[in-house]
Amino acid sequence: MQKSLAQQVKQGKEYVDLWPQKPELNNYFSEYRAVIVSRFLFKYGAPLALVALLMPILTIGTEQIKQGIVYGLFMATLPVQALFMMYKKSEEKLPPSLASWYREGVEKIKQQEPMSEQSLAVSQPKFLDLAKLLNISYQSKRF
């Protein structure tokens with residue numbers, strides 16, 4: 001079933017928010033770098049768009065206003081583009097080596113405490129499920 005654009009953006013934001021903000025994750029997951037960049041764009045995207053809009057106008061002159069508008073619009077759309085990319089990444093299936101590690105983590109958590117609120121897929125896990133597992137494990141400090 002195809003999701004609407006709003007649902008895709010919402011799931012992309014959920015995926016970014018689920019990743020724990022732990023620097024050590026950068027050493028193990030290349031996806032975490034994209035999450036860091038997305039968080040940076042959410043925080044600084046609007047000021048960067050304003051700078052991109054004003055810089056050509058202030059340095060070159062008012063004849064470059066069209067160029068400034070194009071740069072500003074491009075910079076303003078980067079946070080939304082990041083959410084779409086995060087949505088696509090969240091829907092990808094985990095590679096086999098990471099999927100086996102994920103299943104081991106799910107089993108460890110299930111042994112310690114039955115999960116009632118979080119449902120983690122065991123067959124064909126996705127990157128969204130990995131983010132959920134990491135979030136649960138860091139909240140409960142199991143790993």
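1. Ala49 counts as buried, since its relative accessibility is 9% (buried is under 20% relative accessible area, with a 1.4 Å probe and protein chains only). Ala49 sits in helix 3, residues 31-59 (helices are DSSP runs of H or I, at least four residues, numbered from the N terminus). Leaving aside residues up to four places away in sequence, Ala49 touches Gly72, Met75 and Ala76 (contact is heavy atoms within 4.5 Å). Thr77 is 28 residues from Ala49 in sequence, and their C-alpha atoms are 8.7 Å apart.

2. A word on the source: this is a predicted model, where local features need pLDDT of at least 70, side-chain atom pairs count only at pLDDT 80 or more, and totals for chains, interfaces and linings use all residues. Residues are numbered from 1 along each chain as its sequence is written, and side-chain values use heavy atoms, with hydrogens and water left out.

3. Now the packing of helix 1 (residues 5-18) on helix 4 (residues 65-91): the angle is about 75 degrees and the axes are 7 Å apart. That makes the two roughly perpendicular (65 to 115 degrees). Among the residues in contact are Leu5, Val9 and Tyr15 of helix 1 and Phe84, Met86 and Tyr87 of helix 4.

4. Overall, the chain has six helices and zero strands. Its radius of gyration is 19 Å, well over the 15 Å from the globule rule for 143 residues, so the chain is more spread out than a compact globule (taken over C-alpha atoms; the rule is 2.2 Å times the number of residues to the power 0.38). The C-alpha trace spans about 65 × 35 × 25 Å along its principal axes.

Conventions: Axes fitted to C-alpha atoms, helices over the stretch in contact; angles between N-to-C directions. Parallel < 35°, antiparallel > 145°, perpendicular 65-115°, else oblique. Buried < 20%, exposed > 50% of the residue type's maximum accessible area, 1.4 Å probe, protein only.
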